[in-house]
Amino acid sequence: MKLIKGLENFFIDKGSAITIGNFDGVHIGHSEIIKKVVSLARENDLLSIVVTFDPHPVKFFGEEILLLTDLEKKNELLEELGVDCHLVLNFNKELMSMDPEVFVREIIVKRLKAKYVVVGYDYRFGARRKGDFELLKIFSKKYGYEAIKHEKIILDNLTVSSSNIRKLLKDGELKLASSMLGRFYSIIGKVIKGDGIGRLLSYPTANIKVIEYQTPKNGTYATKIKIKDIMYDSVTNVGFRPTIPGNHELRIETHIFDFNNDIYDEKVELFFVDYLREEKKFESFDELKVQISEDCKRAKYILKGNV
């Protein structure tokens, strides 16, 4: 799969099947759209193209948003789905204020050479978000492409969406969030030096620094961690460590089972498999140590498939 940043760097010599959106999380709803694009491209000798935006439009308008996937993870997921090209457009004032028909004519038709345009049920585009699927369909007759809409997916009476997945993660509803994603939720970060408290408790931890990722609800989790393409079982605490004196800043600390390698400054991916318990303050380090031992036993049991 090719990753291309900026329309000015994009050139195509054949037609395409495309979809356009943020696709944060690449959840099961996104996957259905992308699979349709890939299928249409293969059936009709076209290129399959997924168009996303950077920065996220919400961030462009100055609002806070924590992402479910960074560019690296999104690329990995798109490649697994068989996409030929991931085109990242710079979301700026010009793009934001573009008339919907100009966007269709100049970008979708002239630059992307789209023969099929597949979008989600809530797709909006153009100035003041005036463009929608119905308008896309009307323009399709004029500009010679086919517009296809994918309807929403409902799980547990809740629409599958990136915003709902973020809320589920914050609320500790990890299993439903994972079902909507179609995989375990994961974050990518770098291992940094901590204060060594975990080692003093006989449970050394990898302290993982992440930027702009949606962290799940504070608490303890059964997790898996990927280091240099090798997966290890682990247990992770997300929170402010109320039992430990000092600066109570949010930390992600992972104890990796049967692992003693030095991984400082390594980039790792942490997968949240199951929620074990809420974060709490213990009366002593001894009490905390006993609880960590129980957390490890339970995590190992779950990670062996005994959920």
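Modeller: Two strands count as paired when DSSP finds at least two bridges between them, and that is the rule to keep in mind while reading this predicted model.

Biologist: What makes strand β9 (residues 185-192) and strand β14 (residues 267-277) a pair?

Modeller: Six bridges join β9 to β14, and because the rule asks for at least two, the two strands qualify as paired; they run antiparallel, with S186 standing opposite F271 in β14.

Biologist: Which strands make up the closed barrel, and in what order do they run?

Modeller: The closed barrel has six strands in the order β9-β10-β13-β12-β11-β14, with antiparallel pairing, and the twist from one strand to the next averages 45°. Helix α3 (residues 71-80) packs on this sheet, where it touches β9, β11 (219-227) and β14, and the direction of α3 makes about 85° with that of β14.

Biologist: Why is helix α5 called oblique to helix α6?

Modeller: Helix α5 (residues 100-111) and helix α6 (residues 133-143) pack at an angle of about 55°, with their axes 11 Å apart. Roughly parallel requires an angle under 35 degrees and roughly perpendicular one of 65 to 115, so α5 is oblique to α6. The crossing in which α5 passes α6 is right-handed.

Biologist: Which residues make the contact between α5 and α6, and how many of them are nonpolar, polar or charged?

Modeller: From α5 come P100, E101, V104, R105, I108 and V109, while α6 supplies L135, L136, F139, K142 and Y143. By class, the contact of α5 with α6 has eight nonpolar residues, three charged ones and no polar ones.

Conventions
Residues are numbered from 1 along each chain as its sequence is written. This is a predicted model: local features need pLDDT of at least 70, side-chain atom pairs count only at pLDDT 80 or more; totals for chains, interfaces and linings use all residues. Side-chain values use heavy atoms; hydrogens and water are left out. Axes are lines fitted to C-alpha atoms, for helices over the stretch in contact, and angles run from 0 to 180 degrees between N-to-C directions. Helices (H or I, at least four residues) and strands (E, at least two) are DSSP runs, numbered from the N terminus. Angles under 35 degrees count as roughly parallel, over 145 as roughly antiparallel, 65 to 115 as roughly perpendicular and the rest as oblique. A crossing is left-handed if the near helix is turned anticlockwise from the far one by less than a right angle, and right-handed if clockwise. Contact means heavy atoms within 4.5 Å. Ala, Val, Leu, Ile, Met, Phe, Trp, Tyr, Cys and Pro count as nonpolar, Asp, Glu, Lys and Arg as charged, and the others, Gly among them, as polar.
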